[in-house]
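Thanks, everyone. Please bring up the model on your screens.

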Amino acid sequence: MASPAHDSAPVLDKDGVRLTVDDAIATVTLTNPAKRNAQSPALWRALTEAGRLLPGSVRVVVLRAEGKSFSAGLDRQAFTPEGFDGEPSFIDLARGGDAELDATITAYQEAFTWWRRSDILSIAAVQGHAIGAGFQLVLACDLRVVADDVQFAMRETSLGLVPDLTGTHPLVSLVGYARALEICATGRFVMAEEAVNTGLANLAVPADQLDGAVGDLASAVLAAPRDAVIETKALLQGALSRDYEAQRTAERAAQARRLRDLAGLGE
């Protein structure tokens with residue numbers, strides 16, 4: 001059985017993020033359980049770097065976290081006047097120009113965008129709390145396996161903010177507009193059973209079975225030819241923005257490419 005590469009020599013290990021690679025499976029681990037894996041700009045830069053360091057052999061990326069909580073969200077130190085050491089505080093950023101603020105948020109978002117690349121399939125293994133930025137990081141992945149103690153919440157509105165780390169699009173796609181709005185506006189907890197029932201999570205298991213369930217899912221993905229998985233992922237991602245006829249056309253084009261490759265006629 002394929003399993004997350006917890007014990008491999010790290011490719012990256014800094015600022016609360018560790019990347020390990022075991023052939024076709026990479027594992028990105030949040031490594032600051034003492035702070036419930038609270039997030040900061042330094043952590044986001046490390047996540048972005050992890051995506052850039054993935055070898056071409058990697059087909060599945062597992063996202064996991066040490067400790068009882070996946071991530072408590074944004075480190076509240078960001079809202080203090082002093083902010084983080086060596087970083088502009090959020091208060092300072094708010095005083096800057098629109099272009100500067102937009103560029104800064106764009107850079108933060110890069111930590112959340114690469115998980116949906118067409119050449120990989122990403123699986124989030126989630127236990128305990130996944131709040132705010134933690135919730136959005138889980139939503140950045142293609143698939144989600146959760147422990148039965150999971151608690152999702154989008155708390156940005158309670159802080160006078162909006163979710164801006166790419167989580168709104170996948171949330172609406174998974175649970176629909178009305179439920180997504182209610183989750184975000186109230187900041188309430190979404191537990192494991194609701195997460196599975198609404199499509200937010202693919203599977204819920206007891207906490208001590210989380211790694212095993214993720215390993216089984218990774219093995220199942222790896223059992224299929226890589227190019228077929230890549231084409232299928234792209235086809236399904238595009239379905240959200242295509243009408244029925246356009247999707248039929250995309251299916252035909254993708255299948256033609258697969259058939260030519262299987263026949264040895266690909267470019």
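First, terms: two strands pair if DSSP finds at least two bridges between them. Helices (H or I, at least four residues) and strands (E, at least two) are DSSP runs, numbered from the N terminus. Now the ground rules. This is a predicted model, where local features need pLDDT of at least 70, side-chain atom pairs count only at pLDDT 80 or more, and totals for chains, interfaces and linings use all residues. Residues are numbered from 1 along each chain as its sequence is written, and side-chain values use heavy atoms, with hydrogens and water left out.

So, the sheet. Seven strands make an open sheet with mixed pairing. The order reads S1-S2-S3-S4-S5-S7-S10. Which strands stand at the edges? They are S1 (10–14) and S10 (203–205). Each has a single partner strand, so one side of each is left without a neighbour in the sheet. From one strand to the next, the twist averages 15°. Angles here run from 0 to 180 degrees between N-to-C directions, with axes as lines fitted to C-alpha atoms, for helices over the stretch in contact.

A quick reminder: sheet strands pair through backbone hydrogen bonds, either parallel or antiparallel.

Start with S1 and S2. They run antiparallel, joined by four bridges. Lys-14 has Val-17 in S2 as its bridge partner. The two strands form a hairpin with two residues between them. In that turn, Asp-15 has a positive phi of about 50°.

Next, S2 and S3. Six bridges join this antiparallel pair.

Is S2 itself enclosed or open? Buried means under 20% relative accessible area, exposed over 50%, partly exposed in between (1.4 Å probe, protein chains only). Five of the six residues of S2 (residues 17–22) are buried, so the strand is largely enclosed by the rest of the structure.

S3 (residues 25–30) and S4 (residues 60–65) pair in parallel over six bridges. Ala-26 finds its bridge partner in Val-61 of S4.

Asp-23 sits in the loop between S2 and S3. Its phi is near 60°, positive in a residue other than glycine. Asp-23 counts as exposed, because its relative accessibility is 59%.

Arg-36 lies between S3 and helix H1 (41–52), also in a loop. Phi of Arg-36 is near 55°, again positive without being glycine. At 41% relative accessibility, Arg-36 counts as partly exposed.
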